[in-house]
There are 2 protein chains.
Amino acid sequence: MPIAQTPPPPYYAVIFTSLRTEGENGYAAMSNRMVELATQQPGYLGYESAREGVGITVSYWESLEAIRDWKAQTEHLFAQQAGRDRWYSAYKVRICLVDRDYGFEV
Amino acid sequence: MPIAQTPPPPYYAVIFTSLRTEGENGYAAMSNRMVELATQQPGYLGYESAREGVGITVSYWESLEAIRDWKAQTEHLFAQQAGRDRWYSAYKVRICLVDRDYGFEV
């Protein structure tokens with residue numbers, strides 16, 4: 001997975017930090033499907049994800065409205081409920097305004 | 001690693017996304033030392049980190065001033081330079097205002 005290519009700030013980030021339950025239970029399929037759906041949402045800018053004990057997924061968005069629409073997307077709502085029922089023992093969602101960014105590349 | 005226990009928003013997040021070079025070259029020792037130092041900085045609130053191909057480290061801070069002071073911390077400045085010389089092929093730093101958060105726990 002590359003570093004997300006986001007436009008100049010300001011834009012928004014959703015930091016989703018999670019701890020998984022034991023067992024696969026269809027998690028990978030759901031996760032891939034959610035990426036596929038998010039990519040198609042209006043205002044989607046990119047995402048980055050890694051799990052190493054804790055899982056961190058950061059998705060980037062043009063506006064708070066885009067984030068609200070993604071949260072309310074029908075199939076995503078089912079996944080959120082199944083996440084609480086089945087896949088996650090805990091998670092935290094943080095909605096952020098990205099104010100400044102800078103980077104480095106060899 | 002647990003999910004960071006942060007106070008109610010507003011607070012700040014620094015999302016550091018990186019790609020590593022080949023080879024260890026003292027990376028783990030530096031990384032542990034930077035966590036130890038960050039924890040001692042004024043205004044430090046917590047951090048979360050995972051690497052799976054891409055590395056994502058999110059640190060949380062009380063204020064932009066706390067973030068500036070951490071960026072300018074002497075030993076951290078050396079690590080930043082060594083990071084560009086040795087450990088990272090690319091990175092991106094995003095400075096964010098966390099506006100809202102919510103969570104779930106079994």
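**Close-up 1. Asn25(B), a partly exposed residue with a positive phi.** At 44% relative accessibility, Asn25(B) falls in the partly exposed class (between the two limits of under 20% relative accessible area for buried and over 50% for exposed, with a 1.4 Å probe and protein chains only). Its phi is positive, about 50°, although Asn25(B) is not a glycine. You will find Asn25(B) in the loop between S1 and helix H1 (27–40) of chain B; helices (H or I, at least four residues) and strands (E, at least two) are DSSP runs, numbered from the N terminus.

This is a predicted model, in which local features need pLDDT of at least 70 and side-chain atom pairs count only at pLDDT 80 or more, while totals for chains, interfaces and linings use all residues. Residues are numbered from 1 along each chain as its sequence is written, chains are lettered from A and ligands numbered from 1 in the order in which they are written, and side-chain values use heavy atoms, with hydrogens and water left out.

**Close-up 2. Asn25(A) in its loop.** Now to chain A, where Asn25(A) sits in the loop between S1 and helix H1 (27–40). Asn25(A) is not a glycine, yet has a positive phi of about 50°. Its relative accessibility of 44% makes Asn25(A) partly exposed.

**Close-up 3. The cis peptide bond between Pro9(A) and Pro10(A).** Omega is about 5° for this bond. Pro10(A) belongs to the segment before strand S1 (11–20) of chain A. Most peptide bonds are trans.

**Close-up 4. The cis peptide bond from Pro9(B) to Pro10(B).** Here omega is near 5°. Look for Pro10(B) in the segment before strand S1 (11–20) of chain B.
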